[in-house]
Amino acid sequence: MEAQRFIERFNQYCPEWLAEPGDPVGLHIGTLNKPAKRIMMSLDVRPNVVAEAIEKKIDLLVVKHPPIFRPIDRLVTDDVQINMYADLIKHDIAVYAAHTNMDIIPNGLNDWFCELLGVQKTTYLVKSHQVVMKKLAVFVPMEEAGRMREALAMAGAGQQGNYRATSYTLGGTGRFTPVRGANPTIGEIGKAQQVQENKIEVIFPETMEEKILSAMYQAHPYEEPAFDLYQLDNLPTKYGIGRIGELDEPMETEAFIQKVKSAFQLEGLRVIYPKQKKSLIRTVAICGGSAEKFYRDAVNQEADVYITGDVYYHTAHDMQETGMLVIDPGHYIEEVCKKKMVEQFNLWKNEEGWDVEFVVSASSTNPFSFK
Ligand SMILES: [Zn+2]
């Protein structure tokens with residue numbers, strides 16, 4: 001299987017355009033124009049992960065944290081970080097990162113956290129995107145319809161809820177007369193022509209317009225493809241970062257803290273008790289990674305607890321005044337993405353009949369220990 005093909009499917013599930021502005025998602029190292037027999041999922045790119053990838057003969061490494069977050073000004077391999085990049089290039093291991101887009105997508109990281117904690121009826125903690133849907137109706141000779149449908153689906157058109165590659169096809173007659181200067185695929189200059197054509201309709205988010213149109217132009221046999229493009233007033237897709245929802249049964253604060261600890265298999269976690277304690281926890285807000293900046297959103301939505309990593313000392317002081325409990329389980333809880341993503345990859349593998357092996361990285365990249 002081509003690495004590119006896998007990333008196209010990955011992008012249908014976790015589109016790059018959903019990432020926060022300035023977040024360097026996408027291909028970081030190597031090329032996708034090569035076959036991929038083994039693809040590994042890791043949270044980070046660290047030297048132990050690279051050694052594992054080399055040992056396991058990995059062709060493509062998919063990670064949550066973009067390895068090149070700041071511009072590099074030189075390529076001297078005495079530096080550990082640079083040496084890692086060099087090792088990856090030497091062993092032809094491509095690296096692809098999906099970061100804040102993985103926090104936003106439905107059935108993504110924050111949903112998996114909610115699943116682990118038994119948080120239900122979830123909505124978004126912070127609304128991030130509202131995407132307008134568009135429809136493309138393209139007219140092609142009947143015998144080219146299959147190829148066009150395939151090209152549009154490959155580019156990511158036709159996703160609706162849990163269905164992909166949706167389209168509608170209608171038959172009809174296309175008429176045209178090529179005039180001087182034309183170079184018609186079918187017909188001759190000055191002669192009226194009739195062709196049995198299909199009208200293929202597909203929907204897609206407006207953010208994908210360029211990609212879909214370019215796939216359409218590429219697959220279309222005509223010099224002047226005929227198509228309609230319009231905006232749909234129904235189906236706006238809303239996205240958001242973080243989740244907020246309810247526990248089935250309210251829990252005592254201390255019991256809930258223990259629940260978080262065991263759900264993420266932690267040796268320890270940090271708790272910021274509000275000055276005015278609540279005794280029961282029912283509404284839970286969560287955003288993985290370092291998302292202290294959203295704690296006000298959790299307060300405004302009357303969360304009893306907010307769970308996020310990397311809380312800063314002074315922010316913790318502010319949080320204490322809110323009346324909301326804050327649990328900082330660390331950033332590393334995001335490692336659940338390794339197993340969960342590979343489960344997802346294997347579903348695609350079955351659907352597509354890919355000849356590829358998906359590997360959950362066994363290397364820990366947690367820099368913190370509790371003593
Ligand atoms: Zn993170």
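This is a short walk through the structure, one selection at a time.

Before you click anything, note that the model is predicted: local features need pLDDT of at least 70, side-chain atom pairs count only at pLDDT 80 or more, and totals for chains, interfaces and linings use all residues. Residues are numbered from 1 along each chain as its sequence is written, and side-chain values use heavy atoms, with hydrogens and water left out.

**Stop 1: the domains**

Start by colouring three selections: 3-101 plus 335-360 for domain 1, 109-129 plus 240-329 for domain 2, and 133-235 for domain 3. These bounds come from an automatic or database domain assignment. Taken over C-alpha atoms, the centres of domain 1 and domain 3 are 34 Å apart. Seven residues of domain 1 and eight of domain 3 make the contact, where contact means heavy atoms within 4.5 Å.

**Stop 2**

About 690 Å² is buried between domain 1 and domain 3, with 48% of it on carbon and sulfur atoms. Buried area here is the accessible area (1.4 Å probe) that two parts lose on being put together, summed over both. Now select Glu8, Gln12 and Trp17: they supply 74% of the area that domain 1 buries against domain 3, more than any other three residues.

How many salt bridges does the rule find across this interface? There is one, using the rule that a side-chain nitrogen of Lys or Arg lies within 4 Å of a carboxyl oxygen of Asp or Glu. Pick out Arg164 and Glu352, a salt-bridged pair whose closest N and O atoms are 3.6 Å apart. Three residue pairs across the interface of domain 1 and domain 3 are also in polar contact, with both residues at pLDDT 80 or more. (A polar contact is a pair of N or O atoms within 3.5 Å; within protein, one must be able to donate a hydrogen and the other to accept it, and residues adjacent in sequence count only if both atoms are side-chain atoms.)

Show the cartoon next. On the side of domain 1 that touches domain 3, the elements giving two or more residues are helix H1 (3-13) and helix H11 (336-352). H1 gives the most, with four residues. Helices (H or I, at least four residues) and strands (E, at least two) are DSSP runs, numbered from the N terminus.

While you're here, select Arg5, Glu8, Arg9, Arg164, Glu351 and Glu352 together, as salt bridges link them in a network.

**Stop 3: salt bridges elsewhere**

The rule counts 22 salt bridges. Side chains of opposite charge can pair when their charged atoms come close.

Asp111 sits in helix H5 (residues 109-117) and Arg243 in strand E10 (residues 237-252), 132 residues apart. Are these two buried or exposed? Both Asp111 and Arg243 are buried, that is, under 20% relative accessible area, with exposed being over 50% and partly exposed in between (1.4 Å probe, protein chains only).

Then go to Lys134 and Glu209, where the closest N and O atoms of the salt bridge are 2.7 Å apart. Lys134 is in strand E6 (residues 133-141) and Glu209 in helix H7 (residues 209-219), so this pair ties together parts 75 residues apart in sequence. Lys134 is buried at 14% relative accessible area, while Glu209 is partly exposed at 22%.

For a pair that is exposed on both sides, select Glu321 and Lys275. Their salt bridge has its closest N and O atoms 2.5 Å apart.

**Stop 4: two loop residues**

Most residues other than glycine have a negative phi. Lys57, though not a glycine, has a positive phi of about 55°. Find Lys57 in the loop between helix H2 (47-55) and strand E3 (60-63); it is exposed, at 59% relative accessibility.

Gln265 also has a positive phi, about 50°, and is not a glycine. Look for Gln265 in the loop between helix H8 (253-263) and strand E11 (270-272), where it is exposed at 72%.

**Stop 5: Ser363**

Finish in the segment after strand E15 (357-360), where you'll find Ser363. Ser363 counts as buried, at 11% relative accessibility. Show Glu52 as well: a polar contact of 2.4 Å joins its side chain to that of Ser363. Leaving aside residues up to four places away in sequence, Ser363 touches Asn48, Val49, Glu52, Tyr332 and Lys338.
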